[in-house]
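Here's a quick briefing on charged side chains and helix packing. Have a look at the model first, then read on.

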Amino acid sequence: MDLQPTSKNMHNRINTDISQLLQRFENIMATATVESTSHTTTAVETYQLDVESTALIRAAEDILSLTRTMKETWLFGKLDTLGEDESETKRREGLEQDAAVIQKIIEDAGILKAPKK
């Protein structure tokens, strides 16, 4: 596990953990729906169910570990999930420029006067 997880690493881990959880559940359901009367087949299916259920539990534990890691990184402020991409940065800069222009117009027109002390 990374010492300082990034949001990209977290997203990749979330996707991996969820896909593992779903895959294990699908495997269990596929094994459980097979109908057979052979003792050998039943024994193999029982073993498969045991392996898949153990893997399902492990996948759930991985998700719990991930949520704990996310809570810790958010608590201590080391995870930047609200980082701006290029379009957000341009948008924010444009808004700041617009606000500066509007402030200058208001000040030049004398509409907004600073309170006198």
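How many residues apart are Glu61 and Arg58 in helix 2? They are 3 residues apart, so about one helical turn separates them. Keep in mind that this is a predicted model: local features need pLDDT of at least 70, side-chain atom pairs count only at pLDDT 80 or more, and totals for chains, interfaces and linings use all residues. Residues are numbered from 1 along each chain as its sequence is written, and side-chain values use heavy atoms, with hydrogens and water left out.

**Salt bridges**

- Searching the whole structure turns up 7 salt bridges (a side-chain nitrogen of Lys or Arg within 4 Å of a carboxyl oxygen of Asp or Glu).
- Glu61 and Arg58 make one of them, at 3.7 Å from N to O.
- Arg58 and Glu61 also join Asp62 in a network of salt bridges.
- Glu61 is partly exposed at 41% relative accessible area, and Arg58 is partly exposed at 48% (buried is under 20% relative accessible area, exposed over 50%, partly exposed in between, using a 1.4 Å probe and protein chains only).
- In helix 3 (residues 86-109), Glu96 and Arg92 sit 4 residues apart, so they are about one helical turn from each other; their closest N and O atoms are 3.3 Å apart in a salt bridge.
- Glu96 comes out partly exposed at 46%, and Arg92 is partly exposed at 32%.

**Helix 1**

- Helix 1 covers residues 7-32 (helices are DSSP runs of H or I, at least four residues, and are numbered from the N terminus).
- With 26 residues at 1.5 Å a residue, helix 1 should span 38 Å, and its end C-alpha atoms are 37 Å apart, which agrees (the expected span is 1.5 Å times one less than the number of residues).
- Met10, Asp17, Ile28 and Thr31 are buried in helix 1, and the buried residues of this helix pack against helix 2.
- Asp17, buried at 8% relative accessibility, forms a salt bridge with Arg13 at 3.8 Å, N to O.
- Arg13 itself is partly exposed at 23%.

- Glu45 lies in helix 2 (residues 39-75).
- Glu45 is buried but has no salt bridge, and the nearest side chain of opposite charge, Arg24, is 17 Å away (Lys and Arg count as positive, Asp and Glu as negative, with His and the chain ends not counted).
- Beyond its neighbours within four places in sequence, Glu45 is in contact with Thr31, Val34 and Ser36 (contact means heavy atoms within 4.5 Å).

Terms used:
Helices (H or I, at least four residues) and strands (E, at least two) are DSSP runs, numbered from the N terminus.
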